[in-house]
Amino acid sequence: MSEHREILIKAKKREKWVVGNPHYFKPENVLLYKQEKDELLHIDEKTICQYVGLEDKKGNKIYENDVIQIEVDEDIQKWLVYFSKVVGQFRLRRINGAGEKMVYPANSRGLVIYNLHDKRKKYLQNDQKKK
């Protein structure tokens with residue numbers, strides 16, 4: 001018996017996230033298959049984010065372009081999930097600072113706070129209110 005990795009993507013459809021399996025018919029016509037509803041959806045291909053196969057500390061699935069917040073010695077750091085073509089894996093790149101690391105095991109201490117394709121203004125306003 002072989003183990004199969006779950007291939008999921010999330011993308012925007014009319015400003016809302018949808019999650020499913022990718023289906024490609026033409027480069028300009030990317031569809032997403034939602035198995036629970038047995039339907040194909042037209043999505044904005046510029047917002048496609050692949051599931052990295054890991055969850056954050058609250059069990060939320062982590063996708064490419066997610067921003068993860070990790071507390072390190074009372075310092076709250078934000079990290080971007082991206083795919084490194086150099087090493088062929090998903091990695092974390094520090095936002096507003098230097099540094100890069102593997103997603104695992106940092107994912108178990110982190111929390112997904114937003115995705116780069118979201119309206120970042122909303123999250124930046126929330127950060128200002130906390131200060």
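Predicted model: local features only at pLDDT ≥ 70, side-chain atom pairs only at ≥ 80, totals over all residues.
## Nonpolar cores

The largest nonpolar core has ten residues: V52, I62, I68, I70, W79, V81, F90, L92, V103 and A106. Strand 7 (66–72), strand 8 (75–84) and strand 9 (89–94) each give two or more residues to this core. A separate second core holds eight residues, including V18, V30, L41 and I48. In soluble globular proteins, nonpolar side chains tend to be buried together.

I62 belongs to the largest core. Beyond its neighbours within four places in sequence, I62 contacts several residues, among them V52, I68, V81 and V112.

## Aromatic pairs

There are two aromatic pairs. Y51 and Y63 form a tilted pair, with 5.6 Å between centres and 50 degrees between planes. Y51 lies in strand 5 and Y63 in strand 6 (residues 61–63), twelve residues apart. Both tyrosines are buried.

F83 and F90 have ring centres 5.2 Å apart and planes at 75 degrees, so this pair is edge-to-face. F83 counts as partly exposed, at 37% relative accessibility. F90 is buried, at 13%.

## Charges over rings

The charged end of K61 sits over the Y51 ring, 5.1 Å from its centre. K101 lies over the face of W79, at 4.4 Å from the ring centre.

## T47 in strand 5

T47 sits in strand 5 (residues 44–55). It counts as buried because its relative accessibility is 8%, under the 20% cut-off.

A polar side-chain atom of T47 lies 2.7 Å from the backbone nitrogen of K12. Outside four places in sequence, T47 contacts K10, A11, K12, W17 and H117.

Definitions and conventions
Residues numbered from 1 in each chain as written. Heavy atoms only, no water. Helix = DSSP H or I, 4+ residues; strand = E, 2+ residues; numbered from the N terminus. Buried < 20%, exposed > 50% of the residue type's maximum accessible area, 1.4 Å probe, protein only. Polar contact = N/O pair within 3.5 Å; in protein donor to acceptor, adjacent residues only side chain to side chain. Contact = heavy atoms within 4.5 Å. Core = buried A, V, L, I, M, F, W, Y, C linked by side-chain atoms within 4.5 Å. Phe/Tyr/Trp six-rings, centres within 6.5 Å; stacked < 30°, edge-to-face > 60°. Lys NZ or Arg CZ within 6 Å of the ring centre and 35° of its normal.
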